Structures are given as structure tokens and as C-alpha cells.
Amino acid sequence: MFGSTKAFSSFAVDDIAKAKDFYDTVLGLRVSERHGLLTLHIAGSAPVLVYPKEDHRPAGFTVLNFPVEDVEPVVDELVRRGVVFERYEGFDQDAKGIARGEGPDIAWFKDPAGNVLAVLKPN
């Protein structure tokens, strides 16, 4: 039924200006804005819509994953850009916040609205 539609993902933030700056300047994504909504243009994927929501509450799960060849240098660069990596109980994370050995190498961080994002090396 929806096999040929152009579906896309979306998630909410509490401040479009802060989100635009973060996704553009900090993460280096191509971001466009139209009618108060952001579109994240992620290479090789459908666009991701980011919309404002006054009573926004961050999701309790990862809303966006960024596959990379090697997690550690990406974590280092994001830290240089001011990103703080999250720590979660139940995961054996190293000093940089990278979980290794149980699934893909992965490190989680949040956008300014508190949404969880991750960089990971696919297995």
C-alpha cells in the first residue's frame, strides 16, 4: 500500500533557531527552513522534518543515528564542537562515552531540545 510513497521521518524540538544552528553549524548537515519548519537533508536518505512544539518533551529513545566508519574520531570532533556525550546504565562505555563490544560501537548525545542522537559504526 505505501511501498512507493515518499515517506519521511520527523521529530519535535522546542526551539527551531537553536535546532537549526546545532544541526547546521555543529553537525554540519545541510538544513533548510520553510514555514517555520526545518528539513535536515541527510545524504543517501529521505529528508527529516524537524518541527516546533511548545510543550515538547524529548523522546526517551534515539531519534536519529549517524553511521560512521570510526566512532572515536567523530566523537573527538563533536566534543571539540561542544557536544557532550551521554552515559547510560547497562552499557559498558569508555572514557569518551563509546559503548563497544555488544553490537555496533555507539555513542549517544543530545540536541539542544534533549532529543537523543547517536554516532555508530554498523557491524
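This note sets out points on the packing, aromatic pairs, salt bridges and loops of the predicted model above.

1. Basis. In this predicted model, local features need pLDDT of at least 70 and side-chain atom pairs count only at pLDDT 80 or more, while totals for chains, interfaces and linings use all residues. Residues are numbered from 1 along each chain as its sequence is written, and side-chain values use heavy atoms, with hydrogens and water left out.

2. Main core. The largest nonpolar core comprises 29 residues; such a core is a set of buried Ala, Val, Leu, Ile, Met, Phe, Trp, Tyr and Cys residues joined through side-chain atoms within 4.5 Å. Buried denotes under 20% relative accessible area, exposed over 50%, and partly exposed the range in between (1.4 Å probe, protein chains only). Tyr23, Leu27, Leu40, Leu64, Phe109 and Val119 have the most contacts inside this core. At least two core residues come from each of β1 (9–13), α1 (16–26), β3, β4, β5 (62–67), α2, β6 and β7 (116–121), and α1 gives the largest share, five residues. Helices (H or I, at least four residues) and strands (E, at least two) are DSSP runs, numbered from the N terminus.

3. With neighbours within four places in sequence left aside, Phe109 is in contact (heavy atoms within 4.5 Å) with residues including Phe22, Leu27, Leu78, Val83 and Val119. Another core, of six residues, lies apart from the largest one; among its members are Ile106, Trp108, Ala118 and Leu120.

4. Aromatic pairs. Five aromatic pairs are present. Rings of Phe, Tyr and Trp (its six-membered ring) pair if their centres lie within 6.5 Å; planes under 30 degrees apart count as stacked, over 60 as edge-to-face and the rest as tilted. The Tyr88 and Trp108 rings are edge-to-face, because their centres are 5.3 Å apart and their planes stand at 90°. Tyr88 belongs to the loop between α2 (71–80) and β6 (105–110) and Trp108 to strand β6, so this pair ties together parts 20 residues apart in sequence. Tyr88 is partly exposed at 28% relative accessibility, whereas Trp108 is buried at 8%. Phe11, Phe22 and Tyr23 make up one aromatic cluster.

5. Salt bridges between elements. The whole structure contains ten salt bridges, each a side-chain nitrogen of Lys or Arg within 4 Å of a carboxyl oxygen of Asp or Glu. Lys20 and Glu33 form one of them, at 3.3 Å from N to O. Lys20 is in helix α1 and Glu33 in strand β2, so the bridge ties together parts 13 residues apart in sequence. Both are partly exposed, Lys20 at 29% and Glu33 at 43%.

6. Glu72 pairs with Arg100, with their closest N and O atoms 3.1 Å apart. Glu72 lies in helix α2 and Arg100 in the loop between α2 and β6, so the pair ties together parts 28 residues apart in sequence. A network of salt bridges links Glu72, Asp76, Asp94, Lys96, Arg100 and Asp105. Glu77 and Arg80 also meet in a salt bridge, at 3.1 Å from N to O; both lie in helix α2, three residues apart, about one turn of the helix. Glu77 is partly exposed at 29%, and Arg80 is exposed at 60%.

7. Loop residues. His35, in the loop between β2 (30–34) and β3, has a positive phi of about 55° although it is not a glycine. His35 is exposed, with a relative accessible area of 71%. Ala43, in the loop between β3 (37–41) and β4 (48–52), is exposed at 78%.
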